Structure formats: C-alpha cells, structure tokens
Amino acid sequence: MCHITQRSSTFSFPKICSVFWRFHHTSTSHCCSCSKIISDEKYQDPFQLGRKDLKNLYEDIKKELLVSAAELKEMCDYYFDGKGKAFRPMIVVLMARACNIHHNNSKEMQASQRSVAIIAEMIHTASLVHDDVIDDANSRRGKRTLNQIWGERKAVLAGDFILSAASVALARIGNTTIISVLTQVIEDLVRGEFLQLGSKENENERFAHYLEKTFKKTASLIANSCKAVSILSCPDPKVHEIAYQYGKNVGIAFQLIDDVLDFTSCADHLGKPTAADLKLGLATGPVLFACRQFPEMNAMIMRRFSKPGDVERARKYVLQSDGVQQTTYLAQRYCHAATREIRKLRPSPEREALVHLTEMVLMRDK
C-alpha cells in the first residue's frame, strides 16, 4: 500500500499536458460555456455541510501556534482571524466524510482527519506569507500584508514558524504514510515557486510550464490533503486515487479561475490589486491563450512585461482576445474531470457537496 500511495502522490506531468492539449484543440471550435453543471441530486451546500467539522477551526489553529513572544503571536494570528472561507479545510472534511461513508458507511469524523484539515490551512497560510514577501505584495484578503506591517525579515520568520507548527501537528498524527503525503506538498510549493521565477522561450512549452507550476503551487495541497484523509478512511488504493484526482482537478480549476479574475474583477472586490500577475512578470492562462491572436505578446512575455507600458498593453490584448473565455473553458474541463472522479464513491450528502463545489469554483467572483 505504501508503494502505491507514494507513486500516486507524484504528479504525472505528461498526462496533464496531453489532457490540456486535448481540451485545447477541442475547445477552439466551441464558445466558452460558463453555465453550471446540472446535477440531478438534491443540492448540498458544501459550506453548510462542513460547518460542524470546521467549528472552532481558527481557535484550534491558534492553539497550535503557542508562542510567548507577543509580536510573533500577533503576526501568526494575523490571517487566522476567522474571516476566510476556509475553502481548503472544507474540501478536506467533506472528502473525509465521503470516504468514511464509502468504506464502511461510517458517519463519524476521525480526529486525525480533522487534524489534516487544520494542517492544510496552516501550510496554505504559511505559503501566502512567503509569497507576499517574494512578490513584495501590499494587500491580501482586503488588508495589508505581514511584510508591509512588520517587514520582510519578520514576515519570513512568521511563515517559517507557522510551517513548523504544522509539521509538529503532522507528526502528532503518528502515521508515516500521512507524513510522506503531506510533506510532498511542502516540496511542491518550493518547486512551484522556482518554476514561477523561470520562463520558457519555446512557446509550445510555456503552457506545460504554467500548468506544472499551477499544480505544484495550488493543486498539490488540495490533492494530497484529500488523499491523506482517504488513507485514514480505508485501505483501498483506488479510493486514495479518487480523492487525489478530485483534489488535483479542483485545485487546478481554482487557480485557472483565479488567473481569470486577475483580469476581470475589480481590486476592491478581489481583495488584492488586479493585473497583479502581469506586474510580477507572470504569463498566466489568459495571457498564453491571447498570444495566439496577438503574437507580439511573446516578446513581452520573454522580458516579463518589464518595459514601460507592457502591463497595460498586455492587459488590453488579453481583454480583446478570447484568453479569458478559453481559460474559463479549460477550468470547466478540469471541474468535469473532478466530478467524474468523485462520483465513483458511494452516494452521500458529502459526495454531492463536493460535486457542487466544482460549480462554485467556476462561478466565484473573488
């Protein structure tokens, strides 16, 4: 089981490249359809269904961040203010319950499964703190970033401390397979950040590079957290793979929509500046699709939009092209793939909530 678990944790990039190109070539003759996926089952609100398991989530996270230094405590508590949607923990607890019901019709949530949800949110938040330092970001979730308030050095240390506390909580679970699965997330986050710092001259390699970065920086956490709770649920490797594939596909779709919103949402609504990725020199899905209609964008991509006027011109090209629509369409395809995976589990309210969660990912506006 350990051998199968480790193998399926590894991202098979050639597969997702072929998936993208299949999606891409079939999409060129179709208009983007942003309509909801219609489900015959009774609607299950994911947030309502997961509320019980997420009660006191942030209080429990703060208990993991026990520290005597007042300033460090204030920094660590800054983003754990209870105002976030807890998107990742909510997916994890729903997946845990769906797998528990699938395996032996158990209605109980294991304490270790809830711990995985807590750890996932801690790892995610630590990565945000570090990302903001790397990007020299000014705002996050509608308020000033840690690095803007306390400075870059202290922000890095706060992110490190949150990550170390997550590692302690992970060790406390006492399952070496779970430790292996979730530490893969940390490795992927680092590798993803390095991928983001680089770029590809070959236009055909750029989308592959972008999707690999997207998986490692965003989807790996969701995929491996879902896999971890499935391992705690049952011994069947097929269930582990279902959980992993669902999380991977939802995670990639989530980031694709995030990249769309960077061009279509206003800064106040999004909680951070728009066109932020262009300002950082990053070519995301909408930009890469727009290049097909505006080849002159290739030179801007290679110089990472560094010349005066590049950001404004690139944004204009994206909005004039079908880049936003094509990226949204690609996100839809990933959500369809996630739905196909999760429907392999036994029917349950949690399974249906995970299906509807894919719709919410596509329809979100911030």
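The following questions and answers walk through a few local features of this predicted model.

Biologist: How are residues numbered, and what pLDDT do local features need?

Modeller: Residues count from 1 along each chain as its sequence is written, and side-chain values use heavy atoms, with hydrogens and water left out. In this predicted model, side-chain atom pairs count only at pLDDT 80 or more, totals for chains, interfaces and linings use all residues, and local features need pLDDT of at least 70.

Biologist: Which residues of helix α4 are buried?

Modeller: Buried means under 20% relative accessible area, exposed over 50%, partly exposed in between (1.4 Å probe, protein chains only). Helices (H or I, at least four residues) and strands (E, at least two) are DSSP runs, numbered from the N terminus. In α4, residues 57-64, the buried ones are Leu57, Tyr58, Asp60 and Ile61.

Biologist: Why do the buried residues of α4 line one face of the helix?

Modeller: An α-helix has 3.6 residues a turn, so residues three or four places apart point the same way. The arc is taken from the directions from the helix axis to the C-beta atoms. Seen down the axis of α4, the buried residues line one face because they fall within an arc of 155 degrees.

Biologist: What do the buried residues of α4 pack against?

Modeller: Contact here means heavy atoms within 4.5 Å. By that rule, the partners are α3 (46-54), α6 (87-104) and α7 (111-135).

Biologist: At what angle do α3 and α6 pack?

Modeller: Axes are lines fitted to C-alpha atoms, for helices over the stretch in contact, and angles run from 0 to 180 degrees between N-to-C directions. Under 35 degrees is roughly parallel, over 145 roughly antiparallel, 65 to 115 roughly perpendicular and the rest oblique. α3 and α6 are therefore roughly perpendicular. Their axes are 9 Å apart, and the angle is about 85 degrees.

Biologist: How are the rings of Tyr78 and Tyr79 arranged, and how far apart are their centres?

Modeller: Rings of Phe, Tyr and Trp (its six-membered ring) pair if their centres lie within 6.5 Å; planes under 30 degrees apart are stacked, over 60 edge-to-face and the rest tilted. The count comes to seven aromatic pairs. For Tyr78 and Tyr79, the planes are at 55 degrees, so the pair is tilted, with centres 5.2 Å apart.

Biologist: Which parts does the pair of Tyr78 and Trp150 tie together?

Modeller: The pair is edge-to-face, 5.6 Å centre to centre with 85 degrees between the planes. Both Tyr78 and Trp150 are buried. Tyr78 lies in the loop between α5 (70-77) and α6, and Trp150 in helix α8 (residues 146-150), so the pair ties together parts that are 72 residues apart in sequence.

Biologist: Which residue has its charged end over the ring of Tyr78?

Modeller: A charge sits over a ring if NZ of Lys or CZ of Arg is within 6 Å of the ring centre and within 35 degrees of the ring normal. Over Tyr78, at 4.1 Å from the ring centre, sits the charged end of Lys143.

Biologist: Where is Asp136, and what is its phi?

Modeller: Most residues other than glycine have a negative phi. Asp136 is found in the loop between α7 and β1 (139-140). Asp136 is partly exposed, at 46% relative accessible area. Although it is not a glycine, Asp136 has a positive phi of about 55 degrees.
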